[in-house]
Structure formats: structure tokens, C-alpha cells
Amino acid sequence: MMDGSDKQRYARYTTVDSSVQGSVITRLYEVNWLLFALVFLIGGIGVTMIFAATDGQWDAGAFQHFQRLILGGGIMLFVALVNIRIWYFLAYPIYLGAVLLLGAVDFFGVEVNGSVRWLDLGFMRLQPSEIMKLAIVLALARYYHDLPGWRVSRASGLFGALLLIGLPMQFIFRQPDLGTTILLVATGFAIVFLAGINWRVIVAGAFGAAIAIPIFYRFGLKDYQRARINTMFSPESDPMGASYHIIQSKIALGSGGVSGKGFMQGTQRSGDYVPENTTDFIFTVIGEEFGLIGGVGTIAIYGVLIAFCLYLSFQVKHIFSRLLILGVTTTFSLYVFINLAMVMGLIPVVGVPLPLISYGGTVILTVMTGFGLILSSHLFRNAELPKGQN
Amino acid sequence: MKPRDNEERIDPKTVTRRTILMAAGGIGAMGVLTARLYYLQVTKAEDYTVLSDRNRFNFNIIVPERGRILDRNGEALAVNRQEYRVLLIPEQVKDVEIALNDLNAVVPLSDATRARVKKDVRRKARFIPVLIEDHLDWNSFAAINLHAPDLPGIIPDVGQGRAYPNNGIFSHILGYVGTAGPKDVEADPDPLLRQPAFRIGKTGVEAAVETRLRGKSGKLKVEVNAFGRIVREWPNASDAPTPGEDVSLTIDADLQRYAAELFEEESGGSVVIDVMTGELRTLLSMPTFDGNLFVSGLTQLDMDALNSDWKRPQFNKVLRGGYPPASTYKMVVMLAALKEGIISTSERVFCTGKTQLGSRTFHCWRRQGHGAMNMRDALKYSCDVYFYELANRMGIQPIHDMAAKLGFGQTFDVGIKGQIAGINPNGAWKERRLGDGWRTGDSYNASIGQGFVVTTPLQLAVMTARIANGRRAITPHFIIDDEVPGFKPLDIDPNHLQFVRDAMWSVCQEPGGTAFRSNGSGIPGVDMAGKTGTGQVRSISKAERLSGVMSNAQLEWELRDHSLFVAYAPYAAPRFAVATIVEHGGSGSGLAATISRALIKRVLERDGMQARASDNSTTSQL
């Protein structure tokens, strides 16, 4: 026999929004197409710039990038249409699965360029660290959704979060993949911050880092990683070596001037001076061919996309959904900032691509999956998650 | 851990607040990025544009064509020849080993070559051509071209290399070229030296006039990508190279070839000099070596062969060979005696075949002796005892001084390096070098051109030329340039010189003279004057003297005497002098004289010699 409070409780579980119960068509209609369009706009810039960077060949990357955008778009849509509740329930399982895959890389991984990051499944290659980037956001979002507010700044609350972050970090750092490790840790901490951790804890943490980082630098990093950091401070002292990349990148950018040399007119590009200019360093092509205008414009478009995601986050009630949106957005923003800072010589070369514009396989798919999760969060913003919300 | 419904969740407002904070941070980051971009693209734009251009263009050095070396008639002695080579471009080849195997079927490759090619492929960038083999003959080159479609990545190529026609007859003069070594690069900072295709003169004329032969390098503007590979050439923006200057020598190639023929298998050398100008028409050291070997790269086999040949082909005997001049030195002693006035031309000395000095006996080459000799006869019959007497009377110093005037004990600036000064001995010299006092016996030996006296064939030629010229102390040279040498006056009494000349004439033209042949110079109406020399190489023991001195024919080659001869012609109006040595050739009247006579005849003929009326002539023809 249900009393009033039970009914209330039950009511929370049973009251659903029309957007949730409606058919696929209805959901399609409700999807935030503006976000969709922004993502594809940036993707289109990517296709164009890869086309330019490969000397006008359609088949040397531009087409493949386009194909992946379509595929990613499909995944994005699919993920968006899945109820957020399902993601909520799948958060921890997905996380565990990713950790297991990372463990598998340790044992069965394929070595490429000196690091072991891939699993060879025969028909395709899988990079578990990419999956981990989404999985950790899901896990942390779920964690903080469940956590009572007073625990956030306490050791008990913090411990869980650090465990969630620390576990995959071990695997990824040892691959070795410094770039992804930094990204993961930064995203993790961002979510911890957003969850409302006490300022005192932050300051204490900063102190701890100030002590730990130099120790880490000396003993934790490999030589080439140290070299990369060193060359950041004086790249001109070794122009043909480790810092060649940065110097060439800056030259390519700088030579673009205000309005650039024009589409397909980049000389540094045509001279093969900037290595990886279809992947991590593709921004140099934008800078060289479209100058300051192109560069600032690109930054602006990314800015609009990021701002829009933040706007969407304000419209969402659940902590899980909020943190999910914010986590994905943070990861995405970090990609953009780190890549641009690297290309412009502000930070060492860490091998982070420019999402949606750089040519690559796994990154596009995971990024678009992430946006799918954002869309899902927004679409099902009125759905009820376990433990309810105010 | 799971909170109950009414337990406090994380406050969404907190999240909102924090979100705005992070957004602010993000805007800040974008601001930094934009500022940085502005800095790179606007503030530093000019720097980077220049840098980006500088990366693109390189100037490749073009090696200039080397000047040739010509003889006096314009015949080319050192030339640039098209060289056929075959190269490998690693990036166009799937497997270097297979490519080399395929090529081997067309043109055999040695194991050493293959190993070297593989090593070069590893060391260099993949698009840089690696030399497999150069100095290919035409057939091999044609074969490679024919099979080219089946040999991907194998490129037949035509380049330029230095070649010396004439089989090495001019090798000692010309020298050879090779790649610039560390010393060369240190001495000359021109980046041209570092080009792999550039060859620098190492010895001889090639080295002596290197700057004239070299020319000036050109520059080819090329566009390169980041790996240094040339993607385009810009010939219009390039500088053409200036070819080197051709250098002419005074040497007569035909004459030199003829001289080499005359020598056949013998070892020695010959110098033909113009007595008026000091120009060398021939400067030959036999046997020679093939300079082409040095250009294309000596194999160990070649090297061993050259070094073990006891006729020493690499050794320039006319410039660096020190020999006892033997009787060819007697003119010096005669002039010294005349100057000192220690004997008159008519006074006779009796030669019994030997003379005694203290406990030592000095012998004349003619065991039975010559009988009573005056000065002219002494030279004509080459009597040693007469000259011992001269030495006895004046000592070594006057001989030393006269020898210096005639060019002994010094080197001349012929234009190339590598000459010795020989030894013009006197008391001071012996003290300095051997720490011992001069003895009269040393003077005796010196008076017949043995003992401590050491001369080069070039010096003998110069001596003869100076005697023939009579007025100037001419010096030899063989490279033609704009400078005309002026000669110092020859500080010897002309009357004395005339006497000596007459005595030399009698050697060749009067019966009984040690070089008399029935046809004199070989050219009707043209008389030759000269002197024979038989350079003793070994000392003859008393025992042998008693039992009977062995003749040269009976001796081993190295123990045989050297054969020397000096001469000039025409006697009436001297034009050319010659000095010849045939190592271990036996007596001077033999081979050396034969060769010298033939050379004088030839050089006069080639000079368009018109026979002139002389004391002995009747008709004149060429």
C-alpha cells in the first residue's frame, strides 16, 4: 500500500517528459541541430585544409576525412537519440571496459613509432586511450552525481575521484603517451573543480604540485620528453633537431601575415617543411594560407562551439548530464588550446591533434561521440535520473 | 554511500558558478592564442617571410671547366674528357642488393665496389645519387644504357674528368689532380674545393698553376624542400662558371715523345734546353708512370707495381736525381784552372794511367795512360790524370766557385716544385756536413766529377747552355706566362769560354774524340760540341784492378756505370743544348751520346734549321 510519500517517490520515477517517450521522429526533431551544424562546419574546414595541405589531392586524406565525418555524424546522431538514462547506467561499465582494454594494450598492444597504444583487431585498429577520454568523463559525472555535496571536498569524496583518474593514467602514461595523459588528468581535474571542490583544497593541491612536478620532471619523464620541453625554451639553439618542428611551424604561420598567401599558395606547405601538416600541425596551413584573419576566425568558430555547449549545459538539470556536457566540452577545448599553443610554439610538442580539422581516425569518432553525448544530455534534459534532482 | 532522496546533492548553482569561471579562463586562453598569432603573423611577419624564402632557395656550386695544359705548338697534354659513370639513386630502388646484382650482369662489379656503394647508401639521404663506377669504357656505358629499362634506379651519367693522353710521357711535368684533401681546404677557403666533383692539382704543373687552370665557379639557383631535395632549377637566376685558362708549356710534345722512344726500356732522363731563352723543349724522366691512374684512383696493385719497380718510375730523375757528373764536369775544372792561371793551355802533363797522392793511387780510365796531354787534348780524350794535376795545383775552392757560376749547387725556378740542389762541395761544406777536413784526394775526385760532387741532369743542361751562350747565366723554365725572365750576365772570361767550346767541339767532331762519329751531329753542315761522362757507381777494389777490372757488360745492372752526355749545336751559332743520363748504361759514349745526338738532330730539324756554311760543310740540305 503506497502512502503519499511513496507515491511521490514513485511519481518521480514515473513522470516522464514527452520528449523522452516520443518516437524516434520526435526525438530527431528535438535534437539540437545548431550544434550539429557547428560541428560539421568545423569538420568542413578540416576537409578543405587537408585538401590544401596535400597539394590539391582529393584522395590523399581530404576524402577520407570527409568519410569519417559522415560516419561520425551517424554515430553522433545515434548516441544522441539514446536515452540519457542508459548512458547513466552504462557509465561505470564503459569505464571498466576501457580500463580493461588499456590493460590489454599493455599485453597485446602494437608498437608504432616507439609507443604501444593500439590494439590490432584484424579488421581495424583500436586506440583504447581515446575511448578512455570519454569513459572517464562518464565515470566522473556519474560519480559526482551520486556523491552527496558535503563529501566533495572531503578526503572520502576526493579519493574516489582521484582513483578514477589515477587508474587509467597509469596505463596511458606508460605507453608512453604524455599528451593523452595530460589531457586526461586535466579533464579529470576540471570536472573535480566544476563539482565544487573547496578552494582550500585547490590551494593545497597547487602546493603539492609545485613540489611534485620538478621531481616528476627529473625522474618521471623520458629523455625525449625532457628534450621537447627544453627546446620550447630555446628552440633556435637546435634548429635542425628536436625544435625543428616548432621553428618551421612558426615560420609557416608567420609568413602568412595578415591575410595569408591565398588558398593553395602556401610555400612552406608545398616545401614539406612542416612535418605532420595534415595532422597535428594543420593549423600552420590555415595560418600560412589565410593569415591572421583565417587563424583568428578559426579560433572564433571553435569559441562559438564551446560557448554554445556551455549554454546548453545551463539548460540541463541533472548533475550527471551537466558534468557530462561540461566534461566533454572541457576535453574538446583542451584539444584545441593545447594544439594551437603547440603549433604556435608556446608549449612543447605533445602530439595533440586539432579536433575535427586534423586528419586522423579515432579522434574524430570519439569527439563526435562526445558531442553525441552532449546532444543526448540536452535532448533528454527533462528526463528523470535515479536519485532525482531538485 | 548512496545518498537518500533528501540528502543534499551537489548544488547546480555551484556548478554554474564554476562553469563561468572556467569559461572566463577559456576566454583568457583564446585571448593569449590570438595575441600570439598576431605576434607571429603581424609583428614578426617580415622575419618569417624572409626565413621561409631562405629555406626554399639554395645556390648550388657549379664546378668550372678546368683549363688545359698545352705544349708549345698547342697540342693538348692535359685535357678534360667526358667520363662515363653509373650512379644509383636509393629511393628509386627497391632493394640495393638486387639492383647491384642486376647491374653486375651487364657490367661486372667488384666486391669492394659493392661494399662501398652499400656504405654510401646508408650514409646519405635517399635521393642523393651514389656513384657506383666511373671511368667506364664506351661499351660498358652503352650496355648500361641499353638495359636501362630493366635497371630502375640505376642512372648512367656523363661527367668530366681529367685525362692525360700520351701514356705518361709528360707525367713528371704535368703531375696529376685529385680530390681536395684537408690541407688543400685549409689553405684555400673557396667552397668550390668541397664539391665532390672538383679536382685540385696535386703535383707538377697541375699544382703549380692551379689558380690559372681552375677558373671561377658558377652558381645554380635551385629550389629545395625540407629534405634538401632539388625540386626545381632556376637557370636564369644563376651565374655561369668561368672556365679555367689554358696554360702553355715550352715543351715540344713531339720531341719528348721521340726522346721516350729513344730510351726504350732504359732508365734515365734527358733535358733539351734553348741556350738563348732557357726554354726547355724536353724534360723527360724514364721510365714514366701513367698519370691517368692517379686521376681515376690507384688500385693497390698499381701502387705496389709502381713502388717495387727498381727503375723508380715515379721518381723525376732530371729534377731530383742526384748523380756524379763524371767527366762532364771537366769543363768546370778547365774554366777554373784558366781563371786561376795555374796552367797554360800549351803546358803538357804526362798521363801514365795513374798518379800517386800520398799512399793512395788515383787511376785514369785508360789503364795504359794517354801520354803527354795539353788542355785541349785532355778534354778531347778525357784524361783523368791531367785533371788530377789541375786539382793538385788549385785545390777545391776555385772549382767550387766556377761550378756555382755555371749553375751547380742550386735549384732553379722552373715553375714546379720538387728539385734538388745537388752538392757543390768545398772545405766549408765538408766541415759542416761531415765534420771532417778537406783532403787533396777529395779534390782529385771532384776534378773528374766523382767523390762528393752530386749534380742533376737539369744542372748539366744548364751548364752546357751557359757555356754555349757565353754571355748570360740563363736559367731554365717551361711554363709560358707573361713574365719574360731576364738573365744575369755570365761572369766568365769569353776567351776562356771560347777555348772550352773549341775543346768540346773536338770531342765530337775530331777523330779520337770520345764522342766522335763519322757524321757529327747527323745533320750535314751542322757541328755538335759536347762531352761524355761515365759515372762510376762502385768503387773498384785493388784486387780487381790487379786481376782485371770487369767491363760493364760483365756486371749486374745496378753496379754498371751511369752513361752521361752533354752537348750543344750548332757549334757555329749555338741554339740548343742537351744533357742525357742513362742509368747504369755503361760508358757515356754509348747510349747517352746516341740519344743526345738524335735529340739534337730532331730539335734542329723541327726548328726549321737551315744548314749554314761552316768550317766543314760543302753542301747544305735538310
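What span does helix α14 (residues 282-314) of chain A reach between its end C-alpha atoms, when a straight helix of 33 residues would span 48 Å at 1.5 Å a residue? In this predicted model, α14 of chain A spans only 33 Å between those atoms, and the helix bends by about 130° at Phe290(A).

**Overall make-up of the chains**

- Chain A contains 16 helices and 3 strands, and buried residues account for 55% of its 390 residues.
- Chain B, for its part, has 23 helices and 21 strands, and 50% of its 622 residues count as buried.
- For contacts between residues at least 6 apart in sequence, the share that joins residues at least 24 apart is 74% in chain A and 72% in chain B.
- The accessible surface of chain A comes to about 16500 Å², with 67% of that area belonging to carbon and sulfur atoms, while chain B has an accessible surface of about 29200 Å², with 50% belonging to carbon and sulfur atoms.

**Helix α9 of chain A**

- Helix α9 (residues 178-194) of chain A has 17 residues and reaches 24 Å from its first C-alpha to its last, which is close to the 24 Å expected at 1.5 Å a residue.
- Because 14 of the 17 residues of α9(A) are buried, this helix is largely enclosed by the rest of the structure.
- α9(A) is followed by Gly196(A), a residue whose phi is positive, near 105°.

**A helix pair in chain B**

- Two packed helices are described by the angle between their axes and the distance between the axes.
- In chain B, the axes of helix α14 (residues 330-340) and helix α21 (residues 494-509) come within 10 Å and cross at roughly 145°, and the crossing in which α14(B) passes α21(B) is right-handed.
- From α14(B), the residues Met331(B), Met334(B), Leu335(B), Leu338(B) and Lys339(B) meet His496(B), Leu497(B), Phe499(B), Val500(B), Ala503(B) and Met504(B) in α21(B).

**Backbone features in loops of chain B**

- Most residues other than glycine have a negative phi, and most peptide bonds are trans.
- Glu264(B) has a positive phi of about 50° although it is not a glycine, and this residue lies in the loop between α10 (253-263) and β11 (268-274) of chain B.
- With a relative accessible area of 63%, Glu264(B) is exposed, because exposed means over 50%.
- Ala326(B), likewise not a glycine, has a positive phi of about 55°, and its place is in the loop between α13 (317-320) and α14 of chain B.
- Ala326(B) has a relative accessible area of 1% and is therefore buried, the cut-off being under 20%.
- The peptide bond from Met286(B) to Pro287(B) is cis, with omega near -10°, and Pro287(B) sits in the loop between β12 (280-286) and α11 (291-296) of chain B.
- A cis peptide bond also runs from Ala569(B) to Pro570(B), with omega near -15°, and Pro570(B) is found in the loop between β20 (562-569) and β21 (576-582) of chain B.

**Pro191 of chain B**

- Pro191(B) is found in the loop between α7 (182-187) and β7 (200-201) of chain B, and at 45% relative accessibility this proline counts as partly exposed.
- The C-alpha atoms of Pro191(B) and Ser217(B) are separated by 9.3 Å, the two residues being 26 residues apart along the chain.

How values were computed
Residues numbered from 1 in each chain as written. Chains lettered and ligands numbered in written order. Predicted model: local features only at pLDDT ≥ 70, side-chain atom pairs only at ≥ 80, totals over all residues. Heavy atoms only, no water. Helix = DSSP H or I, 4+ residues; strand = E, 2+ residues; numbered from the N terminus. Buried < 20%, exposed > 50% of the residue type's maximum accessible area, 1.4 Å probe, protein only. Contact = heavy atoms within 4.5 Å. Areas by Shrake-Rupley, 256 points an atom, 1.4 Å probe, with all protein chains shown as cover. Expected span 1.5 Å × (residues − 1). Bend = angle between axes of the 7 residues up to and from the residue. Axes fitted to C-alpha atoms, helices over the stretch in contact; angles between N-to-C directions. Left-handed = near helix turned anticlockwise from the far one by under 90°.
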